[in-house]
Amino acid sequence: MSAKRHERTFARRSTVQVLYTSEIQNEPPSVLLETGRCLEEDGPLTDYALMLIDGVESHRDVIDGYLESTSENWAVSRMPIVDRTILRMAVYEMIYVKDVPVSVAINEAVELAKDFGGEDESPRFVNGVLGRIAKQLEGTDGDGAGVAGAEGEADATDAAQTEGEEPHAEASPAPSEEVDA
């Protein structure tokens with residue numbers, strides 16, 4: 001179990017580095033991987049890291065919908081790049097990776113924010129945003145009503161099934177538009 005945990009922690013660190021590079025170079029992560037323009041200081045990327053990178057890229061609209069609805073006073077585009085990258089990866093894990101408990105995704109993201117975050121407030125910000133998303137995923141978003149996908153995106157469940165992935169059972173649709181309860 002410890003080896004799996006360590007491997008996934010390493011994969012998350014690698015994922016953040018690739019996603020960060022993608023933002024800085026203004027290129028999709030898949031292009032960076034195809035052209036070999038990402039750092040592999042500690043060896044090749046693991047399958048878990050590649051799955052996270054692909055998942056974040058594939059579901060970015062849904063993920064950003066969650067971030068927009070829960071990051072008080074922060075537009076996703078105005079967030080520090082490192083924080084945004086960590087948040088996107090963690091939200092992907094929270095919604096789509098069944099064998100990672102939501103609490104683990106949050107804790108790992110907070111640790112990454114401590115290591116990589118450019119601001120003293122990064123860990124607190126990341127924890128707060130992810131905590132609010134966790135409450136949405138539990139269906140405790142106040143009135144109990146779900147919310148639908150961002151910018152016409154299908155909800156998280158439909159998007160996952162379309163992509164051949166299944167979100168966590170407790171995941172409610174992504175925020176932005178209301179869904180009939």
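This is a predicted model: local features need pLDDT of at least 70, side-chain atom pairs count only at pLDDT 80 or more; totals for chains, interfaces and linings use all residues.
Residues are numbered from 1 along each chain as its sequence is written, and side-chain values use heavy atoms, with hydrogens and water left out.

**Helix α7**

- α7 covers residues 122-137, which is 16 residues; helices are DSSP runs (H or I, at least four residues) numbered from the N terminus.
- From first C-alpha to last, α7 reaches 22 Å, close to the 22 Å expected at 1.5 Å a residue (1.5 Å times one less than the number of residues).
- Its buried residues (under 20% relative accessible area, 1.4 Å probe, protein chains only) include Phe125, Val126, Val129, Leu130 and Ile133.
- Seen down the axis of α7, the buried residues fall within an arc of 165° (from the directions from the helix axis to the C-beta atoms), so they line one face of the helix.
- Arg124 and Lys135, on the other side of α7, are exposed (over 50%).
- α4 (60-70), α5 (81-96) and α6 (102-116) are among the elements that cover the buried residues of α7.

**Second largest pocket**

- The volume of this pocket is about 160 Å³.
- The lining includes Leu19, Glu23, Arg60 and Arg88.
- α1 (2-25), α3 (47-58) and α5 each supply at least two lining residues, and α1 gives the largest share, 3 residues.

Definitions and conventions:
Contact means heavy atoms within 4.5 Å. On a 1 Å grid over the protein atoms alone, a cavity is a set of points where a 1.4 Å probe fits but cannot get out, and a pocket is an open set with protein on both sides within 12 Å along at least five of seven lines; lining residues have an atom within 4 Å of a point. Grid points are joined across faces, edges and corners, and a volume is the space filled by probe spheres set on the points.
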